Amino acid sequence: MPQESICIKVRKVYGEKTIILAKKLEMVNLQLKIGRNAAFIYIPLIRQPQDDELKALKKHVPDLEILMYLFPEKKKRIKTFVELLEDKISTHLLASLPRAIDFVGDIAIIEIPPELNAYKIVIGETILKAHKNVRTVLAKAGAVSGTYRTRNFDVIAGEPKTDTIHKEYSCQYYVDLAKAYFSPRLSYEHKRVASLIKEGEAIVDLFAGVGPFAVLIAKTHQNVKIYAVDVNPHALAFLKRNIILNRVEDKVHPILGDARNAVRDKLSRVADRVIMNLPENAIEFVDAACEVLKPKGGTVHYYSFVSTSDSLENVKFRFTETVENMGKKVEKILFSRLVRETAPYQWQVVLDAKIH
Ligand SMILES: C[S@@+](CC[C@H](N)C(=O)[O-])C[C@H]1O[C@@H](n2cnc3c(N)ncnc32)[C@H](O)[C@@H]1O
């Protein structure tokens, strides 16, 4: 409900200055939202300014007026899940709770430190309460591991499930976090690589997962051909569903199997570009990536991990050396960056390299 209140009316140019002065005098009504029109702003007050206060204000803002004004009701700020937990968990324990939540579709994922294990249900329920479109809260129960790069999760609140539909840019993806790798933290990388593709290119995604590079590239380009390989049958099943869901059947060709075998059997010398998002051991597949490129060469997007004691320069060096051992040449490192922190003292990095 709108509410009438005493206020300061001032021309917009003096707005900020007047708010600061009025706040210093502790007279601003923070429960109401500041009113605005084309020329003036209206600062709600909790009381009538005293004569000396008004004098002080007018010294800086000569043409201000004190009058009554009808203010719209201020929308209540929604509390974060950490604020909601403040009366349930002691401050020193709460300090160790990571503030970052990953959202994949209607699933929220959080990492709960061991000292907060006893509170995981209450943490999960609070996340459900704070995020109305979340149906399930998962707690990480181990590191990403194994060939399929998956991890275990505990359902700590909501529907007992690990599958959902996730939206990223213009695409939708069926994912099951327990069965196939997917990280919303790579969304910028998916978009960055997709934006580099030129019409007419052939691309091989050697470690495609559920398809976030392949599907986005296909969705945002008319004339491209993408071969998307993954060794995990679950990832490939989701990839196939995602190809249909996003209507890119004519551009993305899914291949189940080991990347090296797929290259040997089907993908020799076919591509202008290769994506190698298997940071754990992409170095072992540089030979396959070189084999995939057309004889005139092409671009490789190479992902790796680097520890704080190592450097991006060393990653470039190791990559270049491995390419040269294949009898090819790195013409240029076109781009490199730290993508994200993946563990304490460990970063995922990317190199875009022109290979001849
Ligand atoms: C880090 S995930 C990346 C998935 C996807 N590119 C993304 O951005 O979400 C690496 C993927 O490589 C697959 N993989 C691991 N070893 C492989 C191999 N030898 N050949 C093909 N795929 C492999 C895993 O199953 C996993 O889906």
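The model is predicted, so local features need pLDDT of at least 70 and side-chain atom pairs count only at pLDDT 80 or more, while totals for chains, interfaces and linings use all residues. Residues are numbered from 1 along each chain as its sequence is written, and side-chain values use heavy atoms, with hydrogens and water left out. Seven strands form an open sheet with mixed pairing.

**The seven-stranded sheet**

- The strand order is β13-β12-β11-β14-β15-β17-β16. Helices (H or I, at least four residues) and strands (E, at least two) are DSSP runs, numbered from the N terminus.
- β13 (252-256) and β16 (330-343) are the edge strands, and each pairs on one side only. Two strands pair if DSSP finds at least two bridges between them.
- Neighbouring strands of this sheet are turned by 15° against each other on average, direction ignored. Axes are lines fitted to C-alpha atoms, for helices over the stretch in contact, and angles run from 0 to 180 degrees between N-to-C directions.
- Helix α8 (residues 233-245) packs on the sheet and touches β12 (225-230) and β13. The direction of α8 makes about 165° with that of β13.
- β16 and β17 (residues 346-355) pair in the antiparallel sense over 10 bridges. Within this structure, L338 has V349 of β17 as its bridge partner.

**The ligand site**

- The ligand is surrounded by 21 residues. The closest are F207, D230, D258, A259 and N277. A residue is near a molecule or strand if one of its heavy atoms lies within 4 Å of it.
- A backbone N or O atom of F207 is 2.9 Å from a ligand nitrogen atom. A polar contact is a pair of N or O atoms within 3.5 Å; within protein, one must be able to donate a hydrogen and the other to accept it, and residues adjacent in sequence count only if both atoms are side-chain atoms.
- D230 brings an N or O atom of its side chain to 2.7 Å from an oxygen atom of the ligand.
- V231 has a polar backbone atom 3.2 Å from a nitrogen atom of the ligand.

**Strand β3 and its partners**

- Four of the five residues of β3 (residues 40-44) are buried, so this strand is largely enclosed by the rest of the structure. Buried means under 20% relative accessible area, exposed over 50%, partly exposed in between (1.4 Å probe, protein chains only).
- β1 (residues 3-11) runs antiparallel to β3, joined by five bridges. V10 stands opposite I41 in β3.
- β2 (residues 35-36) also runs antiparallel to β3, with two bridges. A hairpin of three residues joins β2 to β3. G35 has Y42 of β3 as its bridge partner.

**T18, a buried residue**

- T18 sits in helix α1 (residues 15-24). Its relative accessibility is 0%, so T18 counts as buried.
- T18 contacts I8, V10, I43 and V61, leaving aside neighbours within four places in sequence. Contact means heavy atoms within 4.5 Å.
- The T18 side chain reaches the backbone oxygen of Y14 at 2.6 Å.

**A100, a loop residue**

- A100 lies in the loop between α4 (91-94) and β5 (102-104). At 47% relative accessibility, A100 counts as partly exposed.
- A100 touches I109, I110 and R185, not counting residues up to four places away in sequence.
- The C-alpha atoms of A100 and E111 are separated by 8.5 Å, and these residues are 11 apart along the chain.
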